[in-house]
Amino acid sequence: MTQPRLRTLAAGERIPDVPPTRRLLNGYVMLTWAPLGLQALEHRVFDGIVTEAQAVHHVNRDRADNRPENLVRMTHSEHAALHNDEDPTKGGRPFGTHCDRGHEFTPENTYIHGGNRHCRDCRRLAQRRWRQRHK
Ligand SMILES: [Zn+2]
Ligand SMILES: [Zn+2]
């Protein structure tokens, strides 16, 4: 059976009012309206309209996690710069192995607060600085 050809909605277009089918495509969520012959990548849809942004970044690097707080619109160059910093072949550190200050995220050195991962070393340092300022 051949799939009918679907047109991908362009930037600035509004998505249809009927509920889509969701399917995974290369780790991304593709919304599909087969009866209408339309499709759109879920992370590019903001308030029902396909974004004009060049790139949409997934904060937690999960390409299927399209909660609004996980999506940031940016330019191609901003987005490339962000990911180059995580590319070991370009001298970067892979995302998620170290905190911003370079402490390793081991199970012992990691705690979850507000849905985000935090570094215990950094918390200790912050507490020490605070005590020094408030004695
Ligand atoms: Zn990204
Ligand atoms: Zn740290």
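The stops below each name a selection and then describe what is found there.

**Before starting**

This is a predicted model, in which local features need pLDDT of at least 70 and side-chain atom pairs count only at pLDDT 80 or more, while totals for chains, interfaces and linings use all residues. Residues are numbered from 1 along each chain as its sequence is written, and chains are lettered from A and ligands numbered from 1 in the order in which they are written.

**Stop 1: the whole chain**

Along the sequence the pattern is β-β-β-β-β-β-β-β-α-β-β-α.

Buried residues account for 7% of the 135 residues. A residue is buried if 20 or more other C-beta atoms lie within 10 Å of its own, exposed if 12 or fewer, and partly exposed in between, with C-beta atoms placed from the backbone.

**Stop 2: the two domains**

Colour residues 1–93 and 96–135 separately; these are domain 1 and domain 2 of the domain assignment. Such bounds come from an automatic or database domain assignment. The C-alpha centres of domain 1 and domain 2 lie 32 Å apart.

**Stop 3: the four-stranded sheet**

Select strands E1, E4, E3 and E2, which in that order form an open sheet of four strands with mixed pairing. Strands E1 (7–8) and E2 are at the edges with a single partner strand each, so one side of each has no neighbour in the sheet. Two strands pair if DSSP finds at least two bridges between them.

Where does the parallel pairing occur? E1 and E4 run parallel and are joined by two bridges, with Thr8 opposite Gln39 in E4.

E3 and E4 run antiparallel and are joined by four bridges; Leu31 stands opposite Ala40 in E4. The hairpin of E3 and E4 has four residues between the strands, and Gly37 there takes a positive phi near 70°.

Finally, select E2 (residues 21–25) together with E3, which pair in the antiparallel sense over five bridges. Leu25 faces Tyr28 of E3 as its opposite residue.

**Stop 4: two loop residues with positive phi**

Most residues other than glycine have a negative phi. Select Asn26 in the loop between E2 and E3: its phi is near 50°, a positive value in a residue other than glycine. Is Asn26 buried or exposed? Asn26 counts as exposed, with 7 C-beta neighbours inside 10 Å.

Select Asp47 next, in the loop between strand E5 (45–46) and strand E6 (49–50). Asp47 also has a positive phi, near 50°, and is exposed, with 8 other C-beta atoms within 10 Å.

**Stop 5: the nonpolar core**

Show the side chains of Leu9, Ile15, Leu31, Ala40 and Val45, the five residues of the largest nonpolar core. A nonpolar core is a set of buried Ala, Val, Leu, Ile, Met, Phe, Trp, Tyr and Cys residues joined through C-beta atoms within 7 Å.

Centre the view on Leu9. Leaving aside neighbours within four places in sequence, Leu9 is in contact with Ile15, Leu38, Ala40 and Val50. Two residues are in contact if their C-beta atoms, placed from the backbone, lie within 7 Å.

**Stop 6: Leu71**

Select Leu71 in strand E8 (residues 71–74). Leu71 counts as partly exposed, with 19 C-beta neighbours inside 10 Å. Residues up to four places away in sequence apart, Leu71 touches His43, Val56, His58 and Asn66.

**Stop 7: helix H2**

End at helix H2 (residues 120–133), whose 14 residues should span 20 Å at 1.5 Å a residue; the end C-alpha atoms are 20 Å apart, which agrees. The expected span is 1.5 Å times one less than the number of residues. The number of buried residues in H2 is zero, so the helix lies largely in the open.
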